[in-house]
Amino acid sequence: MESKNCDVLCVNLLSALQIFDKLLTEGDGIFCFDVNSNAESSNRHHELRRLMRSLQQYAEKDARLLYVGFLGHFSAGKSSTINTILNNSGVEHSRLTGQHPTDKAVTLITHSCNSNNLIGAYKRGELEVGASNINAEFLRESVIVDTPGSGDPLVLEEMVRDFLPICDLIVYIFSAAIPLDKTDLPILLKVQKELPFISMRFIVTRADEFRKEIRQPFSSDNYDKPAADRFIGELISRIEASVESLKVGKENILLIDNITGFNTENLDAFVFNTEFDGSSLSTQLHSHKIDYYHRCTRDIKSFFSSYIQQKISDLDLLFSTAKSNHTSFQNSVTLANNRLTESWSKQNQILIQKLSANTDWIANLEECDDISSNILEAEIIKKEVNRIRESVGFWANSSADSTCRALEGKFRAFFYGHMADLRSQVVRSQTPDQEHLHPLLIRNPRSDGFFEYDKETPGALSVDLRRIPARALKIIHDNAELISSNSTRMTSAIEGRRFVMNLRKTIDESIAQLYEMLRSFFDSVHVYRSAIVSLNARQFAERVGLADAMDEVEKAKLPNERQEAWHKSLVERIFSGYQTIFDEAEKKLARLSEKLNKLKSKAERLKSINISITADKAIDEHFALSDPTKDSKFYEHIQTVVDSFNEASDEHFRTLSKERSDLIEKKRNELKYRLKTIAKKRVLHFSTFIFIGFIIGLLGYLVFYFWKEPFNQNWTNVMLAGVGANFITSGIGWISAKFSDKSAKSTQDENEKFIKDSREITEKLLSNSSAINDFNFVGNLEDSLKTIFSRNWKGVINSVLDEIVAKPLKEPYDTLFELAEDMEACKQEYIQIAKETVSSLSSFYKADEKNLEALSEISAEIREEAILPSFTMFQERMEIFKNKLSELNNLDLAL
């Protein structure tokens, strides 16, 4: 640090000390720091002013003192070395040697002319600081600092922190007998760590340890220099190894012997050399002193900082009492607010529950059943009609099925009748093989009398439809009765005022809670005032100068009129206009009661309505007028089936005729063959009989001739007689053959058998029903008829419902519909009035911020009148102390 800069720092520090002094002695500082009334504070203030005077003198002087600190542990030869230095200057003075290792004194040795300029000459902490005046010339510009050799870490800490920094040079003393033992290292490590900027030299005493002859006295001739040099080298190595960053040269170590005076002639030059490491010791001296003044000033500042902090702590105890009781008041307010908020939350829930209970029974009033804009849309009617409409499909299926079965029966009857006629015709015919099997053809189903639709109405449909008018009328009567009953119940509830009275009770309870809460505030005020005027609190007040103000606090009280005013104000602010809410609700409910009475009168009149409906005849007439055959598609589907039947019949009979022709032709061929056989047999029969007659005649003639007549008769006569005889016998043979001939009968039998077979073939073919059994007479007619029947009957149902239910009951049902809507509107109006009323009242409880603001303002007024005066007084005094502490802490002592 250059000398010029050190001078600037000195001036700056002196200016800071002057500001420090004013802070302690002017304005609020007088009673904050008590420099005139507290002994220790006064001593510290005097020390500050002494430092100011010393620094002022030091700043005005040109001379600079060189501080040299001697360190070393007990018995290292530190005091002996200082004595040697003093003796070398011709001064007969000896420092005590062999001090006890627990000594804690620091001695500043200098010329008496420097007495007023010495610093730190007082006891602080573990160290005692004293001065020793020795009028040696070299001490006019130097101060020898003799430090204790104690190993106490507290002593070491304070010595390094408070005194060694003022030294421009530190000389550490070792004993050659025990160099660098465990007591040296803590000192060296601490100095090197905390004060690396201070130059350090080392003196080794007890050079007599390096005698060549141990039994001979020590002298320069009995000095083993090589051993001493090795010792010095090893010591340097050990120091540098043990203490990092500490570099020790041989020129920085001096080996002496204080007893024999060995090498002591170089001691003064070694210690008080004015140049060191190329730096001016004068400049270093100035810098170190400034640092020391700075440290002492910080120490004084630390004291007063602690002092005013203690006063703040003392005041804080008083303030804490007030604050605690103030907090208790605030807590009681907060607790009351929380309880009130919680209670009001419950009260709000009670309101909601009362609203729910009051509106639930309204909402749970039995509602009108099956009320819609049209009687046919009523749920019961609608379900019944839907069921009937659903049953139409069943009846359409059933009717279509029965119609198709009847039609199929007609087809079969016609077919079997036609087949029977053909069989009868064949049986009667003498030429069955020649009879024509003409097909069965239906030309016009209706005109031919083939098919007639059965118009009988499905019984279940008409029975179900007959029940609907009575049910519709019952809906009107039952709902009119229900509306009348609900009107009576609601009117009774309104006129009884139960709901409004229950709500009013809740509000009254909440207002009572406000009174209780304010009383708790006043109780907290009483507790606060009792606490701050207690004996202990008064003692603290006296210590911080507030005793008189405490007397004024004790006198203040809250008048009853003021308390009542707060009560009234709080109620008006939180429950503003609650009475108007109740009045308005009762007016609305009265108007609603009038509506309900009118509604009941209309419902009673509707109950007496009785409309006669002759449904049975009307339903039958509607079904009678309904004819599915009038549907353009009906006979088209019938004719389609008939056409299919005609085609199948024609095909069937063509096939049958061909088959019959084939079978009869076969029989005819068989007949021809048998007739040829009969003819052949007849020819053979006749031939046989004629031949036999011829042979018999011939033989008879020959016998007769030869027996009766001789051979000499005329051969011509013989021949003629023979021919005649043969002719006669042949004729007899033919006649015999004729009488015995059965061929005519056989031919007749064969012809009759052929006729019989032809008839049997025809009958068999006509009797075969397999073809007709497999024939689908009706095809898809059933689905088509089902669609037609269903469409037709649904139309009938719609017509019946409209004519015998909807139109006759329209006017009374419309009236019922209006009454139901009016009843529902009344219920909703009642619920709305209840909700609006509860909502308005609930807003008192839900307005947490507004309510808490009102409570906070009232509690703040109470606090301001009953608590804040004393609390503010403590707070203001605390603020003064803290401001002074802040000013003190902000005092710039930086270099």
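These are my notebook entries on a few places I looked up in this structure.

**Ground rules.** I am reading a predicted model, where local features need pLDDT of at least 70, side-chain atom pairs count only at pLDDT 80 or more, and totals for chains, interfaces and linings use all residues. Residues are numbered from 1 along each chain as its sequence is written, and side-chain values use heavy atoms, with hydrogens and water left out.

**Entry: a helix pair.** I looked up helix α16 (residues 578-607) and helix α22 (residues 781-846). Helices here are DSSP runs of H or I with at least four residues, strands are runs of E with at least two, and both are numbered from the N terminus. The two helices pack at an angle of about 165°, with their axes 10 Å apart. Axes are lines fitted to C-alpha atoms, for helices over the stretch in contact, and angles run from 0 to 180 degrees between N-to-C directions. α16 and α22 are therefore roughly antiparallel to each other; that label is for angles over 145 degrees. I noted the contact by class: 19 nonpolar, 3 polar and 6 charged residues. Nonpolar covers Ala, Val, Leu, Ile, Met, Phe, Trp, Tyr, Cys and Pro, charged covers Asp, Glu, Lys and Arg, and polar covers the others, Gly among them.

**Entry: Ala480.** I found Ala480 in helix α11 (residues 459-496). Is Ala480 buried or exposed? Ala480 is buried, at 0% relative accessibility. (Buried is under 20% relative accessible area, exposed over 50%, partly exposed in between, with a 1.4 Å probe and protein chains only.) Leaving out residues up to four places away in sequence, Ala480 touches Ala603, Leu606, Lys607 and Leu816. Contact means heavy atoms within 4.5 Å. The C-alpha atoms of Ala480 and Glu604 are separated by 6.9 Å, though the two residues are 124 apart along the chain.

**Entry: Thr84.** Thr84 sits in helix α4 (residues 78-88). Thr84 is buried too, with a relative accessible area of 10%. I listed Asn258, Thr264 and Leu267 as its contacts, not counting residues up to four places away in sequence.

**Entry: cysteines.** I counted 0 disulfides, taking one as a pair of cysteine sulfur atoms within 2.5 Å. Cys113 is partly exposed at 41%, while Cys826 is buried at 6%.

**Entry: positive phi.** Most residues other than glycine have a negative phi. Arg206 has a positive phi of about 65°. Arg206 lies in the loop between β6 (199-205) and α7 (225-242), partly exposed at 36%. Ser245 also has a positive phi, near 65°. The loop between α7 and β7 (253-255) holds Ser245, which is exposed at 59%.

How values were computed. Angles under 35 degrees count as roughly parallel, over 145 as roughly antiparallel, 65 to 115 as roughly perpendicular and the rest as oblique.
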